[in-house]
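This briefing covers pockets, surface patches and selected residues. Please read it alongside the sequence and the coordinates.

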Amino acid sequence: MRKLLSDYAMLPIRLFVGSAFVFHGYGKLFAAGGHDGFVGMLQGIGIPLPDLFAWVVGFIEFGGGFALIAGAWVVPVAALQTVIILVALFTVHFDAGFSFMNVIGVTEAGPQFGLPGYEVHLLYLGGLLALIMNGPGALSVERAIAARRESVTSLNLTRRNAA
């Protein structure tokens, strides 16, 4: 039973981390003002070729998020997304401190929030590193392709031995 459960352990990580990347990538690629706003943010932190990198990051997040959900190209996608998370952590969120909930004041209207800290980035990194170390796991495109290759190879060997 434990082996069966461990085989499925990457599935919730793929689904949750992949969904989060789809959401963030969608905003960078398709949301009104999302791409231009992201380009401006990249310019502000000194990233070279900000328009190009805004498209690249948006695609890696959006398309890569769907790849994680499906369990396709998991290790290279997770490695690219790890780079994105590390850049965001150290160039944007590190100075805001650890806590995701960065309360900078309280007014009559309620709490006022500043830039989130790097807490969530560490959670993303944990999920991405687990995927890099373990691969996609069960119910993945990669597993289905490997099983198909194995059955074709086995069939070919059986035919050769019978001949």
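A surface patch joins residues with over 30% relative accessible area and no salt bridge, linking like charges within 9 Å and nonpolar side chains (Val, Leu, Ile, Met, Phe, Trp, Tyr) within 5 Å. This is a predicted model, in which local features need pLDDT of at least 70 and side-chain atom pairs count only at pLDDT 80 or more, while totals for chains, interfaces and linings use all residues. Residues are numbered from 1 along each chain as its sequence is written, and side-chain values use heavy atoms, with hydrogens and water left out.

**Surface patch**
- Met 1, Leu 4, Leu 5, Tyr 8 and Leu 139 make a nonpolar surface patch of about 570 Å².
- Leu 5 belongs to helix α1 (residues 2-7); helices are DSSP runs of H or I with at least four residues, numbered from the N terminus.

**Largest pocket**
- The largest pocket, an open set of points on a 1 Å grid with protein on both sides within 12 Å along at least five of seven lines, has a volume of about 640 Å³.
- Its lining (residues with an atom within 4 Å of a point) comprises 29 residues, of which Lys 28, Val 57, Glu 61, Ile 84 and Ala 88 lie nearest the centre.
- Two or more lining residues come from each of α2 (10-29), α3 (34-44), α4 (50-70), α5 (74-93) and α6 (119-134).
- Helix α5 gives the most, with 9 residues.

**His 121**
- His 121 lies in helix α6 and is buried (under 20%), with a relative accessible area of 10%.
- His 121 and Phe 100 are 21 residues apart in sequence and 9.1 Å apart in space, C-alpha to C-alpha.

Methods: On a 1 Å grid over the protein atoms alone, a cavity is a set of points where a 1.4 Å probe fits but cannot get out, and a pocket is an open set with protein on both sides within 12 Å along at least five of seven lines; lining residues have an atom within 4 Å of a point. Grid points are joined across faces, edges and corners, and a volume is the space filled by probe spheres set on the points. Accessible areas come from the Shrake-Rupley method with a 1.4 Å probe; for residues, only the protein chains shown count as cover. A salt bridge is a side-chain nitrogen of Lys or Arg within 4 Å of a carboxyl oxygen of Asp or Glu. Buried means under 20% relative accessible area, exposed over 50%, partly exposed in between (1.4 Å probe, protein chains only).
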